[in-house]
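Colleague: I've got this one open on my screen and would like to talk it through. Can you take my questions one by one?

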Amino acid sequence: MSNAERFLLPLLVLAPYLAQSGEAKAEARPVTTFEWVDSSMADIAEPNGHTSKIIFLNRCEGGCTISRGFNDSRTNRSTIVPPGTYTISEWNKGDSQWEDLVSCVKALYDPYDIVITDVDPGSSVEHFEAIVAGRANEAAMDQGVGGVAPFSCGVINNAITLNFANENFYSQGIKDICETVGQETAHAFGLEHEYLCTDPMTYLSGCGYKWFQNENASCGEYSPASCQCRNNQNSHRLLEDHFGVGPNPGPNLTFVRPEANSNVSPNFVIEVSGDDYYYGLNNVEILVNGQSTGTMSSAPYIFNAPEGTNGFTTIEVRGTDARGITSEKEIEVNVGESCDAGGCPTGRVCFNNFCIADSSTPGGFAASCDSDDTCNSEICARDEDGVGSCTETCELDKGQCPDGYGCLKAGGGTNVCWPGVTEDTGCGCSSTNPGGGLAGLLLGLLGLVYQRRRRHS
Ligand SMILES: [Zn+2]
């Protein structure tokens with residue numbers, strides 16, 4: 001391989017990098033390029049024969065070495081460097097910015113079935129590798145080069161890409177480095193430069209965050225041009241075709257209030273928090289018992305429960321990021337009135353000063369049950385004959401349980417309301433609930449505690 005072969009394509013245009021200044025700059029990205037390689041120097045998979053779904057982000061702690069040779073991350077060899085061995089200096093921006101970079105690259109690739117890791121898979125595991133460290137001159141590249149990748153029209157198995165994160169033009173934060181890593185890694189997957197500002201494969205900037213767009217775009221750097229591998233390029237579709245659909249985790253959503261499985265008054269307030277690293281939340285929607293109660297496009301995300309909400313109630317939050325990726329989370333609450341004064345209406349029973357559904361409602365307190373998930377409380381306790389009834393957890397000696405019930409120590413740190421229990425001892429030793437019944441209950445509860453942990457952790 002002659003050194004001249006590296007410049008088969010006139011792509012190493014040394015456009016000056018212009019600092020971000022708020023206005024759109026058509027040529028403000030650092031030049032990131034690729035170099036053609038053929039099957040004599042790379043394992044090129046056509047079209048879906050990739051041997052790994054791992055991209056290792058390497059910060060080169062203590063320095064990395066890379067030598068010219070058959071492209072292989074396991075032997076630290078690549079055709080993107082001239083003959084010789086080169087040492088790339090380690091990431092110079094510290095741990096916190098590194099974590100941001102890893103999160104950002106994960107976000108770029110999370111629509112696809114690709115694992116992003118910064119733990120070296122080692123020399124025995126096939127993997128793609130992005131070195132995110134050092135400066136261009138350390139790899140005998142010209143000043144102004146932001147990154148470089150080996151390229152063919154297919155996936156280059158075990159390709160190494162270089163992303164010169166320590167260059168001064170990357171001092172603005174991790175967004176530009178992240179998008180360079182997106183571009184270089186995808187070059188090694190057969191993607192060309194796109195003339196589409198919102199795509200990581202572009203040279204254009206000044207249009208906000210980039211992600212792989214589901215759009216048939218022209219190729220080209222500073223003007224539309226024909227693609228060399230295809231008629232046009234849809235980066236999203238190509239990555240999905242190569243690697244499959246990812247888990248799409250989407251925005252991270254949390255209920256601030258109410259607490260899951262709590263008792264709440266009518267007209268309770270629902271508050272959720274959400275974040276979506278890199279892309280941002282576009283909107284948050286709340287559904288109560290499957291009915292939408294509203295959508296908000298900015299925090300704080302606070303909603304009032306709809307009029308007439310009563311009894312066992314499901315609250316679902318859906319958050320959508322700027323790419324249109326949605327995630328969901330659901331909790332259940334029990335909605336009703338306080339029974340402080342005058343007790344509860346028909347069909348409800350007083351538990352912990354709160355009117356909850358009684359045994360006339362399936363899943364209500366003391367209703368018969370087969371399994372935990374048939375009870376509103378998710379606790380189906382069995383008597384000595386194996387007959388299940390729904391109950392509630394309680395605190396000892398607080399008088400929380402309905403009339404005729406007391407709080408029973410049921411083992412494993414769990415107490416439940418049980419008929420005929422002497423409240424102040426938590427002992428199930430009454431005439432209506434002899435010792436045999438207690439043993440049966442305890443056994444049932446051990447299973448129950450395990451199940452609840454599994455469901456709610
Ligand atoms: Zn490029």
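Colleague: How many of the 14 residues of H2 are buried?

Modeller: Keep in mind that this is a predicted model. Helix H2 covers residues 174-187 and is mostly covered. The count of buried residues in H2 is 13.

Colleague: And what length does H2 reach from its first C-alpha to its last?

Modeller: H2 has 14 residues, and at 1.5 Å a residue you'd expect 20 Å. The model comes close to that expected value. From first C-alpha to last, H2 reaches 20 Å.

Colleague: Is tryptophan 418 buried or exposed?

Modeller: Tryptophan 418 is in strand E26, residues 415-419. The cut-off for buried is 20 or more other C-beta atoms within 10 Å. Tryptophan 418 has 26 such neighbours, so it counts as buried.

Colleague: What separates the C-alpha atoms of tryptophan 418 and alanine 381?

Modeller: Along the chain, these two are 37 residues apart. In the model, their C-alpha atoms are separated by 8.9 Å.

Colleague: Which are the edge strands of the five-strand open sheet?

Modeller: The order is E13-E19-E18-E15-E16, with mixed pairing. Within it, E15 and E16 run antiparallel over five bridges, and leucine 287 stands opposite serine 292 in E16. Strands that pair on one side only are the edges, and here those are E13 and E16.

Colleague: Which residue in the turn between E20 and E21 has a positive phi?

Modeller: E20 (348-351) and E21 (354-357) run antiparallel, joined by four bridges, with phenylalanine 351 opposite phenylalanine 354. Two residues sit between the strands of this hairpin. The one with a phi of about 50° is asparagine 352.

Colleague: Asparagine 158 also has a positive phi; is it buried or exposed?

Modeller: Most residues other than glycine have a negative phi. Asparagine 158 has a phi near 60° and lies in the loop between E10 and E11. With 23 other C-beta atoms within 10 Å, asparagine 158 is buried.

Colleague: Why is cysteine 60 not classed as buried?

Modeller: Cysteine 60 lies in the loop between E3 and E4, and its phi is near 60°. A residue needs 20 or more other C-beta atoms within 10 Å to be buried. Cysteine 60 has 19, so its class is partly exposed.

Colleague: What about the cis bond at alanine 299: which residue does it join to alanine 299?

Modeller: Omega for that bond is about -5°.

Conventions. Residues are numbered from 1 along each chain as its sequence is written. This is a predicted model: local features need pLDDT of at least 70, side-chain atom pairs count only at pLDDT 80 or more; totals for chains, interfaces and linings use all residues. A residue is buried if 20 or more other C-beta atoms lie within 10 Å of its own, exposed if 12 or fewer, and partly exposed in between; C-beta atoms are placed from the backbone. The expected span of a helix is 1.5 Å times one less than its number of residues. Two strands pair if DSSP finds at least two bridges between them.
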